[in-house]
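Subject: Structure handover

Hello,

Here is the structure I promised to pass on. Please open it first, then read my notes below.

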Amino acid sequence: MEKIIVGACVADLTAQREERLRQGVEKQDYTLKIFEKGKFGPEDVADCQILFGSIPPQLLKSASKLRWLATASAGVDNYVADELYPDPDVILTNSSGAYGVAIAEHLITCTLMLMRRMREYEEGQRQHRWKYLGKIRSLYGSTVTVVGIGNIGGSFAKRCKAMGATVRGVKRTPSEKPDYVDELYLTKDLDQAIQGADVVALCLPGTHETQQIMTAQRLGQMKKDALLLNIGRGTALDQDALIQMLQKGLLGGAALDVASPEPLPPENPLWDMGNVILTPHVSGNDSLDYTTDTILSQFLENLPLFAVGQPMHHVIDRKIGY
């Protein structure tokens with residue numbers, strides 16, 4: 001019987017993590033191949049039945065024996081097309097659940113920075129200007145609408161609730177309301193969910209259903225001093241409409257970890273807006289040890305299930321994208 005080969009490209013693979021991964025793979029009597037990011041190609045993945053981590057989509061077709069792709073990311077929009085794979089039955093799993101802590105803390109940081117006018121105080125520091133800027137706002141007593149309350153959105157919602165906000169959650173399908181959400185809406189009622197909100201956070205995967213979900217019309221329904229946060233995909237937002245509203249003073253500010261396109265062109269006006277926080281798609285990433293360790297744990301939990309043909313965790317339906 002042919003021995004199964006696991007090809008892995010994992011960021012920040014310390015010696016301790018590599019040993020943990022190797023032990024888990026060898027426990028199933030599989031063979032582990034470690035790839036360095038940017039330094040492996042078609043010939044390296046050709047004999048792999050399992051690929052784990054950050055695997056360039058264009059290499060998948062070369063993995064003619066591939067049976068399971070375990071991505072290190074939560075979003076998988078780059079991995080859903082059937083034509084990427086040598087076989088339509090290849091299992092795709094993601095690392096949903098690994099990024100909630102990192103991204104929720106990023107969102108809290110950005111929200112408080114905008115509410116407390118920290119961008120303006122930073123500018124004062126650069127100019128050596130000691131000046132009180134006046135009124136600030138607080139999450140306490142605010143209304144926060146979280147569009148997409150999966151692991152990431154739910155983690156942010158819990159923290160907002162703990163800090164005294166009224167939380168509205170928006171999701172695609174009906175379910176019981178989580179205790180950290182005060183009001184639960186379906187996506188079809190998004191217009192109602194954003195009415196009067198002080199903060200609207202987009203925590204959505206990149207699918208055809210989420211493309212341009214935050215239209216110019218919806219942006220126009222938000223409060224004049226509301227904050228718009230986006231950590232999912234830049235395609236969820238009418239970015240040009242957002243720019244126009246910010247330029248006209250019709251929104252309080254924005255924090256964007258994603259953009260359309262990426263990288264955001266240097267001439268884009270968002271770069272120079274004092275009430276905008278821009279980060280280069282790093283709110284989750286794998287720069288937090290907790291995230292990397294969780295990604296590894298999830299893979300190692302799935303590995304013995306794959307070995308015996310049992311249902312696995314975090315399996316993606318490629319037709320719907322999550």
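**A charge over a ring**

Arg 318 places its charged end over the ring of Tyr 85, 4.2 Å from the ring centre. The rule here asks for NZ of Lys or CZ of Arg within 6 Å of the ring centre and within 35 degrees of the ring normal.

**Before you go on**

This is a predicted model: local features need pLDDT of at least 70, side-chain atom pairs count only at pLDDT 80 or more, and totals for chains, interfaces and linings use all residues. Numbering runs from 1 along each chain as its sequence is written, and side-chain values use heavy atoms, with hydrogens and water left out.

**Aromatic pairs**

There are 4 aromatic pairs in the structure. Rings of Phe, Tyr and Trp (its six-membered ring) pair if their centres lie within 6.5 Å; planes under 30 degrees apart are stacked, over 60 edge-to-face, and the rest tilted.

One of the pairs is Phe 35 with Phe 40. It is stacked, at 4.6 Å centre to centre and 15° between the planes. Both Phe 35 and Phe 40 are buried. Buried means under 20% relative accessible area, exposed means over 50%, and partly exposed lies in between (1.4 Å probe, protein chains only).

Phe 52 and Phe 299 make another stacked pair, with 4.0 Å between centres and 5° between planes. This pair links distant parts of the chain, 247 residues apart: Phe 52 is in strand β3 (residues 50-53), and Phe 299 is in helix α9. Helices (H or I, at least four residues) and strands (E, at least two) are DSSP runs, numbered from the N terminus. Phe 52 has a relative accessible area of 1%, so it counts as buried. Phe 299 is buried too, at 2%. Phe 52, Trp 68, Phe 299 and Phe 306 form one aromatic cluster.

**Cavities**

How many cavities of 30 Å³ or more does a search of the whole structure find? It finds 2. A cavity is a set of points, on a 1 Å grid over the protein atoms alone, where a 1.4 Å probe fits but cannot get out; lining residues have an atom within 4 Å of a point. Grid points are joined across faces, edges and corners, and the volume is the space filled by probe spheres set on the points.

The largest cavity holds about 60 Å³ of space. Its lining includes Phe 52, Trp 68, Phe 299 and His 314. Two elements, β4 (68-71) and α9 (289-307), each give two or more residues to that lining. The largest share, 4 residues, comes from α9. By class, the lining has 5 nonpolar, 7 polar and no charged residues. Here Ala, Val, Leu, Ile, Met, Phe, Trp, Tyr, Cys and Pro are nonpolar, Asp, Glu, Lys and Arg are charged, and the others, Gly among them, are polar.

The second largest cavity holds about 30 Å³. Val 10, Ala 11, Ala 72, Asp 286, Thr 292 and Ile 295 line it. That makes 4 nonpolar, 1 polar and 1 charged. Ile 295 also lines the largest cavity.

**Cysteines**

The disulfide count is 0 (the rule is a pair of cysteine sulfur atoms within 2.5 Å). For Cys 9, the nearest cysteine sulfur is that of Cys 48, 12 Å away. Cys 9 is buried, at 4% relative accessible area. Cys 48 is also buried, at 0%.

**Backbone points**

Two cis peptide bonds are worth a look. One joins Ser 260 and Pro 261, with omega about 0°. Another joins Glu 262 and Pro 263, with omega about -5°. Pro 261 is in the loop between β11 (253-256) and β12 (276-278). Pro 263 is in the loop between β11 and β12 as well.

Asp 12 has a phi near 55°, a positive value in a residue other than glycine. Asp 12 lies in the loop between β1 (5-9) and α1 (15-27), and is partly exposed at 41%. Asn 285 has a positive phi too, near 50°. Asn 285 sits in the loop between β12 and α9, and is partly exposed at 36%.

Best wishes

Key
1 Å grid on protein atoms, 1.4 Å probe; cavity = no way out; pocket = protein on both sides within 12 Å on 5 of 7 lines; lining within 4 Å.
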